[in-house]
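Hello,

Here is the structure I promised to pass on. Please have a look, and then read my notes below.

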Amino acid sequence: MAVNGAPLLDVRSLSVSFAEEKTGKVVDVLDDIGVEVREGELVCIAGPSGCGKTTLLRAIAGLVKPREGEVLLDGTPVAGPGPERGLVFQDYALFPWSTALKNVMFGLTVRGMDKKEAEEAARGYVSTVGLEGFENMYPRELSGGMKQRVAIARTLAVEPRILLMDEPFASLDAQTRYSMQEFLIDLWRETGKTILFVTHSVDEAVFLGERVIGLSKRPARVIERFDVPLAYPRDRGSMEFTGLRSEILDYLRKESEEL
Amino acid sequence: MTTEKYRVRAKRAAIAALLVVVAAVSIAGCGSPAETTRVVRVGHLANDMHQLAYYVARENGYFKEEGLDVREAGAFNAGPEEMSAFSARQLDIGYVGTAPALTFAGQDMAEVKAVAGVNRVGSAIVIRNGLEGGDISALKGRNVAVPGYSTMQDFLLRIALGKARVDARDLTIMTLKPPEMAQALSSAQIDAFIAWEPYPTMTVTQGGGRVLEQSSKIWPHHPCCLVVVDSSFLLKNPDTVQRFVRAHEKATEFIKDNPEEAADLAARFTGQDREIARKAMTTIEYDTSMDKAAIQRYAAYLKEMGVIKVSDPASFAADFVEPGMLQGGGR
Amino acid sequence: MSRWWKLASPVAVIVLWQVLSSTGALPEHTPSPTKVVAGLWELTTKGLPPGYRLPGHLFASLERVLLGFAIAALVALPLGLLVGYSKRMEVIVDPLVEALRPVPPLAWLPLAVLWFGIGLFSSSFLIFLGCFFPILLSTISGVKSVEGTLVDAARTLGAKSRSIVWRVMLPGAMPSAVTGLRIGMGIGWMTLVAAEMTGVKSGYGLGYLVLTTRDLARYDLLLADIVVIGLVGFLLDRVIKVAERRLLKWR
């Protein structure tokens with residue numbers, strides 16, 4: 001339980017480098033990144049494609065080891081992946097051989113929960129994401145948006161402390177993307193989950209996030225942190241929104257040019 | 001060109017063309033049906049000690065002496081393979097066992113006649129050393145291997161069983177290729193086998209078993225390998241076949257008169273150890289005579305087993321055996 | 001397209017064959033389709049050698065092939081999972097596999113008899129060798145083809161190594177592994193004739209029957225036997241295909 005005032009997730013001076021597989025050359029991907037997320041917040045990270053935002057999320061999730069710095073969850077450093085930091089992938093990463101329901105049950109049964117219990121719990125989450133009636137469908141039978149909702153339900157089922165979302169709507173068409181953004185906001189307001197959302201779209205980041213953290217291109221550095229003090233639900237058409245969005249967009253553009 | 005030069009050239013060309021045609025006709029004329037050929041395509045069984053005469057005839061030049069051009073058209077691993085080659089008319093003369101020859105001839109799968117014997121007897125029943133017993137009754141309730149269903153060895157086994165009043169159904173008879181029999185015997189997969197030389201001698205020498213019965217005891221002088229000829233080749237080239245048989249007879253005489261030298265040749269021919277070859281040859285009767293009655297007896301057995309469908313084994317055997325090529329017209 | 005078109009080429013071949021046979025255009029001694037059908041009847045009612053009927057040959061061969069195949073699958077599937085998952089296992093196992101794989105099963109024949117004696121196990125061993133490598137290699141390839149993100153997802157959901165192997169690698173490798181099973185079964189069935197040359201104690205076997213028909217110059221029965229071998233091979237493949245469709249209905 002996060003102490004009042006202390007952030008739930010604290011990323012400190014995180015630097016990640018990779019050795020290129022073929023040449024062995026060392027490439028710096030993240031440079032001294034600092035991110036703080038308080039409990040219940042919806043924070044977005046925006047950065048150009050290829051800048052390393054995915055790597056940042058994977059480092060937080062524990063799938064990648066940093067060269068320098070640390071990641072603290074509830075004050076404790078993380079080591080390796082685990083269900084308290086749920087990760088939602090851009091390509092959904094659903095198990096194609098399992099039905100939607102079975103996918104959602106995975107995180108529960110894999111840690112020993114009784115099958116019947118898991119099934120009941122999973123049904124609850126399936127219904128939370130609005131996919132009641134689609135439990136027995138296989139991923140190949142579902143649309144992109146539905147697949148992503150199953151992925152979210154699967155992650156929610158293990159009751160993570162924070163939901164890490166890696167450009168989850170990037171593969172979807174514009175219509176679906178907008179409806180998924182609205183869906184996410186509804187879900188967030190309903191469940192109160194802490195969400196760290198990564199995207200290359202500043203528009204999306206500003207639409208969703210209470211705060212937006214802008215990253216430069218590779219090696220990624222934090223350019224600036226913005227507050228988005230707009231009330232939910234947000235209206236894309238409103239002047240406050242478009243104004244704030246342009247402001248943030250311009251700033252980031254200018255700064256990354258200079259970098 | 002002037003007309004005069006042209007005419008001269010044309011005349012020369014015509015004469016040349018005429019000469020070519022004449023030459024072509026005369027060459028084509030050679031090998032006309034009336035002429036016999038001295039080229040013989042011969043088949044035999046690979047590394048087979050019974051068929052030593054073929055190797056001897058070749059090595060000692062007997063075929064050449066008879067003016068024959070013998071082409072080795074196949075060294076076969078088994079009699080039926082060689083008979084298939086006869087079916088496909090790829091062989092003129094072959095050294096082959098009585099069993100496959102009659103099996104194919106008796107079903108009209110090959111048109112061949114036997115013109116000379118190659119050897120008689122030369123097989124034995126071998127029992128493994130772990131078992132007691134000195135006679136055929138020791139085989140009761142045992143696993144016995146034969147080289148094939150209704151082969152000569154299969155027939156010999158049944159004759160032996162009959163004489164010892166043992167019911168064949170009291171044994172388990174299975175088919176194995178002779179090279180595998182020694183190994184199967186020494187590892188007690190089988191209790192006994194019957195096979196042609198050199199396998200019995202090899203097994204005994206290596207300590208895998210002992211001879212229970214020689215085939216010469218079971219059916220004295222029983223036929224084994226024969227020289228068979230494609231029927232139409234015989235019809236067209238009787239003189240060539242005659243010469244071949246003469247060379248074969250010379251070789252057979254040589255083996256009988258020079259056992260030591262013959263053993264050396266046998267060791268070379270079969271790749272076998274020289275001493276084993278020498279010993280194995282003592283149980284083989286190298287003989288060119290053919291026994292029509294014996295062949296008839298075997299043919300009757302094949303008919304009884306449903307392998308061949310001839311109406312009368314006697315006339316079938318009489319038709320199959322052609323003794324006329326042998327010196328003295330055979331027996 | 002009507003399903004009857006599937007039969008078009010076999011029927012055409014048989015008709016052509018009969019025509020060629022009746023007009024004497026086929027090589028000498030080649031049996032006609034009618035002779036082959038008669039041969040099938042003779043094998044079923046009388047048998048070859050007499051008393052050894054077709055059903056007996058069929059079951060003996062099926063027994064050998066299914067035994068060899070089952071053991072191959074039971075060994076190759078888990079081993080494939082392991083090797084696909086663990087780089088270290090791959091490095092250890094790979095040289096041995098690459099050395100043994102190109103050896104035709106038949107070459108093992110004398111050793112098979114030495115180790116297992118004459119009978120069910122020596123022939124099943126040869127069939128095992130034929131089935132083993134396709135199943136192993138396609139399972140390994142199947143494991144490697146599992147998307148990295150699926151493994152990542154499993155790990156973030158709390159799965160440990162064992163669960164990842166059984167609940168992600170195994171189902172992920174299934175499509176490829178099942179293809180390997182089909183190929184393996186095909187090779188195993190084809191190895192039958194060679195396998196049954198190790199000597200067949202019981203005197204029964206479709207491959208063994210081939211040798212007997214050859215020895216007795218019964219090419220009509222040989223072709224009948226070949227027809228049975230081909231048909232059974234086809235049916236075995238079908239069975240796996242049906243199993244595949246059910247196992248992989250998520251595709």
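At what angle do the axes of α2(A) and α4(A) cross? Before the answer, some housekeeping: this is a predicted model, in which local features need pLDDT of at least 70 and side-chain atom pairs count only at pLDDT 80 or more, while totals for chains, interfaces and linings use all residues. Residues are numbered from 1 along each chain as its sequence is written, and chains are lettered from A and ligands numbered from 1 in the order in which they are written.

The axes of α2(A) and α4(A) (residues 144-157) cross at roughly 25° and come within 7 Å; axes are lines fitted to C-alpha atoms, for helices over the stretch in contact, with angles from 0 to 180 degrees between N-to-C directions. The two helices are therefore roughly parallel to each other (angles under 35 degrees). Helices here are DSSP runs of H or I with at least four residues, and strands are runs of E with at least two, numbered from the N terminus.

On the α2(A) side the contact (C-beta atoms, placed from the backbone, within 7 Å) includes Ala100(A), Val104(A) and Leu108(A). Among its partners in α4(A) are Val150(A) and Arg154(A).

Now to the chain contacts. Chain A puts 21 residues against 14 of chain C. On that side of chain A, β6 (85-88) and α2 (100-109) each supply at least two residues, and β6(A) gives the largest share, three residues.

Between chains C and B, 15 residues of chain C meet 19 of chain B. Helix α10 (residues 206-215) of chain C brings the largest share of its side, three residues.

Best wishes

Definitions and conventions. Contact = placed C-beta atoms within 7 Å. Parallel < 35°, antiparallel > 145°, perpendicular 65-115°, else oblique.
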